[in-house]
Amino acid sequence: MKVTATPFQGCFILEPQVFKDDRGFFLESYNKTKFEEAIGQSIDFVQDNQSVSKKGVLRGLHLQTGVYAQSKWVRVINGKVLDVVVDLRKDSETFGQHFTLVLSGENFKSIFIPKGMAHGFLTLSEEATFAYKCDNYYHQPSEAGILYKDETLNIDWQLPEKSLLLSPKDRALPTFKSVYS
C-alpha cells in the first residue's frame, strides 16, 4: 500500500497494490493490519456506508461532533468525484484550510480522514459509487457541517453552481465564520 501524507496532520491518501491483466484487476480493499500500519494508529471501524450519486450531486460538508465524532476512510468504487476535506480542529496548524483530491474507480485512491474534519464530495462522472468506513456510529443529534459555498473556505468545486445538486439540508448548513470564529 502506498501512503501519501496530506497537508493535514493524521490525514492520508492511500493507494492499494492493484494487479491488472487481460481479465481485469484484483486488489485487497481492506486489511486491518496494513491499514493501521499505514495511518500509524489502531482503529476500529464499526460502520460501512455506500452511496450512488448522479453527476453534479454534492454531498457535504459533513462531520459529527462530540463523543460521536468519526474518523472515516473514503473511496470510490466506480465513477469519479472531487473529494474535499476541511480541517476544523481548532488546535491544528491547518485549521480552516481545505484540500481537494480526485478519487475514482480508476485511480484507486482513498483518503483516511481523522476526527475533527469536515468532508464532502462532488460527483464528476455520470454516476459514482462512493463507499466509506467509520469508526463511530451515526448519531443524528451530533451532525454538523459547513456550507459548501462558504466564502471563507472558497472551495473550487470545478462545476458551475447552477449544475450542482444538493439536499435542502446541505443548502442550509452554516458558514464557517458563524460556527468557528
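Student: What makes E6 and E13 count as paired strands?

Tutor: This is a predicted model, and in it E6 and E13 are joined by three bridges in the antiparallel sense. Two strands pair if there are at least two bridges between them, so E6 and E13, with three bridges, are a pair. Leu 63 gives you a place to look: it stands opposite Ala 144 in E13.

Student: Which sheet do E6 and E13 belong to?

Tutor: They are in an open sheet of five strands with antiparallel pairing, in the order E9-E8-E11-E6-E13.

Student: Why are E9 and E13 called edge strands?

Tutor: Strand E9 (98-104) and E13 each have a single partner strand, so one side of each has no neighbour in the sheet. Neighbouring strands here are turned by 30° against each other on average, direction ignored.

Student: What is the strand order in the sheet of six strands?

Tutor: That open sheet runs E1-E2-E10-E7-E12-E5, again with antiparallel pairing. Strand E1 (2-5) and strand E5 (47-54) stand at its edges, because each has a single partner strand. From one strand to the next, the twist averages 25°.

Student: How do you know that E5 and E12 are paired?

Tutor: Count the bridges: E5 and strand E12 (residues 127-134) share eight. The rule asks for at least two, so E5 and E12 are a pair. Among the residues involved, Val 52 has Thr 129 in E12 as its bridge partner.

Student: Why is Ser 53 called buried?

Tutor: Ser 53, in strand E5, has a relative accessibility of 3%. Buried means under 20%, so Ser 53 is buried.

Student: What makes the link between Ser 53 and Arg 59 a polar contact?

Tutor: The side chains of Ser 53 and Arg 59 meet at 2.8 Å. The cut-off is within 3.5 Å for a pair of N or O atoms, one able to donate a hydrogen and the other to accept it. The link is therefore listed as a polar contact. Leaving out residues up to four places away in sequence, Ser 53 also touches Phe 121, Thr 123, Glu 126, Glu 127 and Ala 128.

Student: Is Asn 136 buried or exposed?

Tutor: Asn 136 has a relative accessible area of 15%; buried means under 20%, so Asn 136 is buried. You will find Asn 136 in the loop between E12 and strand E13 (143-145). A polar atom of the side chain of Asn 136 lies 2.8 Å from the backbone oxygen of Val 67.

How values were computed
Residues are numbered from 1 along each chain as its sequence is written. This is a predicted model: local features need pLDDT of at least 70, side-chain atom pairs count only at pLDDT 80 or more; totals for chains, interfaces and linings use all residues. Side-chain values use heavy atoms; hydrogens and water are left out. Helices (H or I, at least four residues) and strands (E, at least two) are DSSP runs, numbered from the N terminus. Axes are lines fitted to C-alpha atoms, for helices over the stretch in contact, and angles run from 0 to 180 degrees between N-to-C directions. Buried means under 20% relative accessible area, exposed over 50%, partly exposed in between (1.4 Å probe, protein chains only). Contact means heavy atoms within 4.5 Å.
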